[in-house]
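I open this notebook to record what I looked up in a single structure, entry by entry. I begin with the chain as a whole and then turn to its parts.

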Amino acid sequence: MPLQDDSYSEGGSLIYYSELPLRDQIQREKYKHWARRILFYLQLAYFITATVMFPFLITNLTFWFWLIHTLWFELDITSNKNNIWIQMLHALSFVGSWIVMITATILLVILNPDFIKSRAEKEHHSVVFAWLLNVLIHYIPPVLVTVDLFLHREHHRKRHRIILSKQRNTTRVWVKDSIKVIWAYCAPMAVVGIWLGVGFTPENVYGVTNYSYSYLIPLMVVTDLVFATLFVYVVKKRQPDSYVKLNS
C-alpha cells in the first residue's frame, strides 16, 4: 500500500498550502519592520556624531527635522501603543522633509552656489565630502520617508484612522479626523515658525543674505500644502484594507 498523507485526503494539506502566502507576507512585513529599525539607529548615530563634532549644527532647521525623522523611524508602526506618536510625528517627518529639501535647494544651491565650499572649510573637510553630507541631510530624508509612506501604507492607515466620511463617522470621530488633517497641514510649518520665532534665520544660521521672505515663506507654504495633501490622501483609510499584524 503506497504511503499517503492522510491530512491531504482530509483537506489538511490544502489548508496548509493556503496559509503559505500569508506566512510569506508576514515574513516580508518583519523584514520591513527591521529595515525601519536599522534606519533609526543609523540616523541617530549620525545626529549624535554630527552635533557633537559641530554643535552649531543644532541651530540648523535641517537638524531639527532630522531629529524628527529619527524619532519617526524609531516607532513601531505595527503596534497600537504608538498611535498618538505616529499621528504626531508622521506628518511632521514626511511634509517637513520636503519643505527642508526644496528650501535648501533654493537657498544653499541656487542662490548660494559657494555655500557648500564655505561649509567644507568651516568643518575642515573636502568639498566632495561636504556635497555628500548635503545630499545625505537634505535629499535622502524625503526619499526615505516617501518610500516608507507607500511601502507601509496599510499599517499607516490603521495607525492614523482617518476616514473622513460623514456617512460612516459620528460627529466626534469626524472632529478627530479633521484635527488630524489640520495637524498634517499646520504642524510642519509650525516647526518652521518656532525655528524663526526663537531668533534663527537663514542669515545668522547659514550665512545666506541674498534671499527674501516675500518668496521664501510662500514657497514653503505651497510645498507644505502639496505634500500634506498627498500625505492625507495616502493615509486616509480605505475599505477594505489588507493588513498583516506582526504582534498581538
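What percentage of the 248 residues in the protein chain do buried residues make up? I find 44%, where buried means under 20% relative accessible area, exposed over 50% and partly exposed in between, with a 1.4 Å probe and protein chains only.

**Entry: ground rules.** I note that this is a predicted model, in which local features need pLDDT of at least 70 and side-chain atom pairs count only at pLDDT 80 or more, while totals for chains, interfaces and linings use all residues. Residues are numbered from 1 along each chain as its sequence is written, and side-chain values use heavy atoms, with hydrogens and water left out.

**Entry: the fold.** I looked up the secondary structure and found eleven helices and zero strands in the protein chain, helices (H or I, at least four residues) and strands (E, at least two) being DSSP runs numbered from the N terminus. I then looked up contacts, meaning heavy atoms within 4.5 Å; among those in the protein chain between residues at least 6 apart in sequence, 75% join residues at least 24 apart.

**Entry: the nonpolar cores.** I take a nonpolar core to be a set of buried Ala, Val, Leu, Ile, Met, Phe, Trp, Tyr and Cys residues joined through side-chain atoms within 4.5 Å. The largest one has 48 residues, and those with the most contacts inside it are Leu61, Phe94, Tyr206 and Phe231. Helices that each supply at least two residues of this core include α3 (61-74), α4 (83-110), α9 (171-197) and α11 (213-235), and the largest share, 14 residues, comes from α4. Apart from this core lies another, of nine residues, among them Ala50, Phe54, Phe63 and Leu133. As background, I recall that in soluble globular proteins nonpolar side chains tend to be buried together.

**Entry: helix α11.** This helix has 23 residues and reaches 32 Å from its first C-alpha to its last, close to the 33 Å expected at 1.5 Å a residue; the expected span is 1.5 Å times one less than the number of residues. Its buried residues include Leu216, Met220, Asp224, Phe227 and Phe231, and what covers the buried residues of α11 includes α3, α4, α7, α8 (153-160), α9 and α10. I also listed what Phe231 touches, not counting residues up to four places away in sequence, and found His90, Ala91, Phe94, Leu149, His160 and Ala184.

**Entry: Arg36.** Is Arg36 buried or exposed? Arg36, which is found in helix α2 (residues 12-53), counts as buried at 3% relative accessibility. The side chain of Arg36 makes a polar contact with the side chain of Asp148 at 2.7 Å; by polar contact I mean a pair of N or O atoms within 3.5 Å where, within protein, one must be able to donate a hydrogen and the other to accept it, and residues adjacent in sequence count only if both atoms are side-chain atoms. The charged end of Arg36 sits over the ring of Trp72, 4.9 Å from its centre, a description that requires NZ of Lys or CZ of Arg within 6 Å of the ring centre and within 35 degrees of the ring normal. Leaving aside neighbours within four places in sequence, Arg36 is in contact with Trp72, Phe73, Leu75, Ile77, Asp148 and His152.

**Entry: Leu39.** Also in helix α2, Leu39 is partly exposed, with a relative accessible area of 23%. Leaving aside neighbours within four places in sequence, Leu39 is in contact with Phe73 and Leu144.

**Entry: aromatic pairs.** I counted rings of Phe, Tyr and Trp (its six-membered ring) as paired if their centres lie within 6.5 Å, with planes under 30 degrees apart counting as stacked, over 60 as edge-to-face and the rest as tilted. The structure holds 13 such pairs. Trp98 and Phe227 are stacked, at 4.5 Å centre to centre and 5 degrees between the planes; Trp98 lies in helix α4 and Phe227 in helix α11, so the pair ties together parts that are 129 residues apart in sequence. Both Trp98 and Phe227 are buried. The rings of Tyr211 and Tyr213 have their centres 5.3 Å apart and their planes at 80 degrees, so this pair is edge-to-face. Tyr211 is buried at 17% relative accessible area, whereas Tyr213 counts as partly exposed at 35%. Lastly, ring pairs link Trp64, Phe115, Trp195, Phe200 and Tyr206 into a cluster.
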